[in-house]
Amino acid sequence: MKALKYILLLLLILVIGFSIYIAVQPNSFEVTRTRNIKAPQAVLYDKIIDFETWEDWSSWVESDPEMTLTIPDNHVGVGGSYSWEDKDGIGTMTTVAANPHNSITQEMQFAEFPKSDVSWKLDAKEDGSTDVTWNISGKDLPFLFKLFSTLMGGMEKQIGPHYERSLEKLDSIVQDDMKQFEITIDGVTEYGGGYYLYKTTNANSQNISSKMEENFGIINDFMKENNIKQSGMPLTVYNDMSSANVIMSNGIPVKERIEVPADSDVSINFIPNIKVLKTTLKGNYTNLPKAWEATMKHLAENNLEQSEEKPFEIYPTDPGNYPNPADWVTEIYVPIK
């Protein structure tokens, strides 16, 4: 009987000691993870601000197949939310503020525990990538929360690995999204024609993008200096595609013929109203060789013969307004007899 009393006393001392240990634990916590993702800031922002996408890249969903998510109609932007239920309880996440495309502030409520503050910071880099920083913090933590956290190994151990895996999955999904493309043979149609200011150069597969950017910049500067208005989207006429080094004229449409100084880097030309085979590429410009291959195959299979007019591309979408390359549109026109 005496031994039992000592055992009970020892257990009581241990319980009191453990309770004191829990009580003196910090009343706040913070967990942060950062990952550099090779994607535009706006693309990542649009993915994160839409709770409907979270199921695809959440590490918690991946690790717990029995977790159920509820996505309401209001799931995008400020006021948007979603909820989940797992073996540990029910939680909700709500977006309370956003600064497109730089930051997002959210609030997480799990079971009966105090709300936690969640924040995202998107830092665009010069190389086109984005540093994504994901942070969660809580304060004024009650005893039961600190007990739960301590028994589970601490918030850093509980949340940190999930944040790392979720950011890794987000990276992978965004990369796949940006690689999506679609080629459509629109068929034979007519192109209305018109004047365009242009600059001609030669290029290869390694420098064609930079050459285009340079030429369009020179033409835009010329138009600004001479108060000339653009009447259509930029285009590229391919003067010679017979070798690896193409000769191309990058141009911007204008409404009427303009007198261009003889010493100018910019010239003017005219595309007549012509019959063409049209192909549309939706996706990154890097997929243009595949679109051209499909176009030429269609020509051959349908006994369509190219005319002497040069083939050309038109770019209806400005990449500055469409950060995701999967949304870029290129129209290919091959003049036919």
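Aromatic pairs and a helix contact

Student: What relative accessibility does tyrosine 285 have?
Tutor: In this predicted model, tyrosine 285 counts as partly exposed. That class lies between under 20% for buried and over 50% for exposed, and the value for tyrosine 285 is 24%.

Student: How many aromatic pairs does a search of the whole structure find?
Tutor: Such a pair is described by the distance of the ring centres and the angle of the planes. Searching the whole structure gives a total of 22.

Student: How many residues apart in sequence are the parts tied together by tyrosine 238 and tryptophan 292?
Tutor: These two rings are edge-to-face, with centres 5.8 Å apart and planes at 85°. Both residues are buried, tyrosine 238 at 5% and tryptophan 292 at 10%. Tyrosine 238 belongs to strand S10 and tryptophan 292 to helix H8, so the separation of the parts is 54 residues.

Student: What is the angle between the planes of tyrosine 285 and tyrosine 315?
Tutor: Tyrosine 315 is buried, with 6% relative accessibility. Its pair with tyrosine 285 has a centre-to-centre distance of 5.8 Å and is edge-to-face. Planes over 60 degrees apart count as edge-to-face, and here the angle is 65°.

Student: At what angle do helix H2 and helix H6 pack?
Tutor: The axes of H2 (residues 41-48) and H6 (residues 155-178) are 11 Å apart. H2 is roughly perpendicular to H6, a class that covers 65 to 115 degrees. The packing angle is about 115°.

Student: Which residues of H6 make the contact with H2?
Tutor: By class, the contact has six nonpolar, no polar and two charged residues. H2 contributes Val43, Leu44, Lys47 and Ile48, and H6 contributes Leu170, Ile173, Val174 and Asp177.

Methods: Residues numbered from 1 in each chain as written. Predicted model: local features only at pLDDT ≥ 70, side-chain atom pairs only at ≥ 80, totals over all residues. Heavy atoms only, no water. Axes fitted to C-alpha atoms, helices over the stretch in contact; angles between N-to-C directions. Helix = DSSP H or I, 4+ residues; strand = E, 2+ residues; numbered from the N terminus. Parallel < 35°, antiparallel > 145°, perpendicular 65-115°, else oblique. Contact = heavy atoms within 4.5 Å. Nonpolar A, V, L, I, M, F, W, Y, C, P; charged D, E, K, R; others polar. Phe/Tyr/Trp six-rings, centres within 6.5 Å; stacked < 30°, edge-to-face > 60°. Buried < 20%, exposed > 50% of the residue type's maximum accessible area, 1.4 Å probe, protein only.
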